[in-house]
Structure formats: C-alpha cells, structure tokens
Amino acid sequence: METTVKAEGSGGAPQPPSGIKGAIDRYFGVSANKSTFPREMRAGLVTFLTMSYILFVNPQILEAAITDVDNVRAQLLTTTAIATCIGTLAFAFFARYPFA
C-alpha cells in the first residue's frame, strides 16, 4: 500500500505564482479553479480563433442593409472589432466570467 506525503502547510494544493501571474491568478481565481496560467492562455487563444470568424461575417451581413456609405465594409469591421473588445473586457474585468 502506497502513501502520499503532502508538503506540510500546503494542504496539497499547488501554490499560486508570484508577480504579475500571481496577481492575475488571485484576481481571476485560476488556481482556486484547479487550472493553470498556460492552460487558460491556450483556452483563450482557442476561443478567439473559434469566434474570430464573426469579424468577417458580421460586416458582410450588415453591408447588404447599408447602401449609401463609402467603404462600409471596413467601417463595419472596425465597429465589430471595437464592440467585441468592449464586451470581452467587460466580462473579463467586471464579471470575472470567462464567457465568449
């Protein structure tokens, strides 16, 4: 029968990193949710790549409804990107909720 010895005082839980990663960890509760900083960064990148199609699809859809504006596709692309950025940052920093 094998026994596992835990480090005294640690309770067996991994210690959160220090520095900027530690501040991010404490704010978002990465270690408390049994995750790691690299895992969360990969998940964010995968989510971004999965959802980034909307930056190109949304202007194409809206372009059909707007006929009297010059360079409308570029303006809609920029507007979509800004609105997406604001929404993502609001969820991240105010709600602390990882939602795409």
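The accessible surface of the protein chain is about 8,300 Å², and carbon and sulfur atoms account for 65% of this area. Areas of this kind come from the Shrake-Rupley method with a 1.4 Å probe, and for residues only the protein chains shown count as cover. The model is predicted: local features need pLDDT of at least 70, side-chain atom pairs count only at pLDDT 80 or more, and totals for chains, interfaces and linings use all residues. Residues are numbered from 1 along each chain as its sequence is written, and side-chain values use heavy atoms, with hydrogens and water left out.

Of the 100 residues in the protein chain, 10% count as buried, a term that means under 20% relative accessible area, with exposed meaning over 50% and partly exposed in between (1.4 Å probe, protein chains only). The chain has four helices and zero strands, in the order α-α-α-α along the sequence. Helices here are DSSP runs of H or I with at least four residues, strands are runs of E with at least two, and both are numbered from the N terminus. Among contacts between residues at least 6 apart in sequence, 28% join residues at least 24 apart; a contact means heavy atoms within 4.5 Å.

Helix α4 covers residues 72-95, and its 24 residues should span 34 Å at 1.5 Å a residue. That expected span is 1.5 Å times one less than the number of residues. The end C-alpha atoms of α4 are 33 Å apart, which agrees. After α4 comes R96, whose phi is positive, near 50 degrees.

Where does α4 pack? V72, L76 and T80 of α4 are buried, and the buried residues of α4 pack against α3 (54-63). Two packed helices are described by the angle between their axes and the distance between the axes. For α3 and α4 the angle is about 130 degrees and the axes are 9 Å apart. Axes are lines fitted to C-alpha atoms, for helices over the stretch in contact, and angles run from 0 to 180 degrees between N-to-C directions. The two helices, α3 and α4, are therefore oblique to each other, as angles under 35 degrees count as roughly parallel, over 145 as roughly antiparallel, 65 to 115 as roughly perpendicular and the rest as oblique. On the α3 side the contact includes I54, L55 and F56, and on the α4 side it includes V72, R73 and L76.

S35 lies in the loop between α1 (19-28) and α2 (37-51). Its relative accessibility is 11%, so S35 counts as buried. Leaving aside residues up to four places away in sequence, S35 touches V30 and E40.
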